[in-house]
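Please examine the sequence and the three-dimensional structure shown here before reading the report.

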Amino acid sequence: RPHEGKVLAAVQAHADDIPFFCGGTVAKLIDEGYTAYLIQTTNDEKCGPTTSMGETILQNEREVDDLANALGFKQVFNLGYRNHRLDEASPLELRARLVFLFRYLKVDTVLTFNPWEHWEENPDHSVTGQAVEAASWMAGMGKDYPEQVAAGIGPYGVKDKYYWVMRPHAPYNRVVDISAYIEAKIGSMVVNKAQGPAGARGSGLRAQLAQQG
């Protein structure tokens, strides 16, 4: 357990992001000693099978809790910004909330979207990635948000960042072998039923692997 005592935060915009892009890596890092927290920036109101936004939000929130249980996250923080409209939210407020959480939880490592990835279509993804990158650096600054420091939540800068690849031809500099954690990744995908693709692909992959032995 080379990471015993360390803390990670995986920051997603939507319920299916972590299952698709870093579920196996999160399972591996937790197994190696990390305590993990899940932070979700939007309320997923646009992503679900019903016409009711309220029911859609509720189903996604429940499935994010199921995702956390499947991978071993200690706690979930829902920030609740509107789905597909994160770019209308105050970037200062979003950054301040992330700085608070990174300091309070003493986060050593973050996993999130590449903040500068080309060809990104979803504004929630790019806004989340850029806010995480800025907050990771600013959380270690003693003069930023002095009210937090006065309240006993001192500076704590993030040391390592895993930015996942989403679009074809995006640059990357690290590959993580998750072969020992493929069942954990599939399990994290299967619970994502509201948004469809992750859950369907997880179930399909599990069936395919079983057929192949």
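The report below describes the chain as a whole and then turns to some of its elements.

## Overall form

The model is a predicted one. Its chain contains eight helices and five strands. Read from the N terminus, the elements follow the order β-α-α-β-α-β-α-β-α-α-β-α-α.

A compact globule of 213 residues would have a radius of gyration near 17 Å, and the chain agrees with this because its own value is 17 Å. Along the principal axes, the C-alpha atoms occupy a box of roughly 55 × 45 × 35 Å. Of the 213 residues, 48% are buried. The accessible surface of the chain amounts to about 10500 Å², and carbon and sulfur atoms account for 53% of it. Among contacts between residues at least 6 apart in sequence, 78% connect residues at least 24 apart.

## Strands E2 and E3

Strand E2 (residues 35-42) runs parallel to strand E3 (residues 75-81), and five bridges join the two. Opposite Leu-38 stands Val-76 of E3. Together with helix H3 (residues 53-71), E2 and E3 form a right-handed β-α-β unit.

## Helix H4

Helix H4 (residues 91-105) comprises 15 residues. From its first C-alpha to its last it reaches 21 Å, close to the 21 Å expected at 1.5 Å a residue.

The buried residues of H4 include Leu-94, Leu-98, Leu-101 and Leu-105. An α-helix has 3.6 residues a turn, so residues three or four places apart point the same way. The buried residues of H4 pack against strands E1, E2, E3 and E4, and against helices H5 and H6.

Methods
Residues are numbered from 1 along each chain as its sequence is written. This is a predicted model: local features need pLDDT of at least 70, side-chain atom pairs count only at pLDDT 80 or more; totals for chains, interfaces and linings use all residues. Side-chain values use heavy atoms; hydrogens and water are left out. Two strands pair if DSSP finds at least two bridges between them. Helices (H or I, at least four residues) and strands (E, at least two) are DSSP runs, numbered from the N terminus. A crossover is right-handed if, with the strands pointing away from the viewer, the path from the first strand over the helix to the second runs clockwise. The expected span of a helix is 1.5 Å times one less than its number of residues. Buried means under 20% relative accessible area, exposed over 50%, partly exposed in between (1.4 Å probe, protein chains only). Contact means heavy atoms within 4.5 Å. The radius of gyration is taken over C-alpha atoms; the globule rule is 2.2 Å times the number of residues to the power 0.38. Accessible areas come from the Shrake-Rupley method with a 1.4 Å probe; for residues, only the protein chains shown count as cover.
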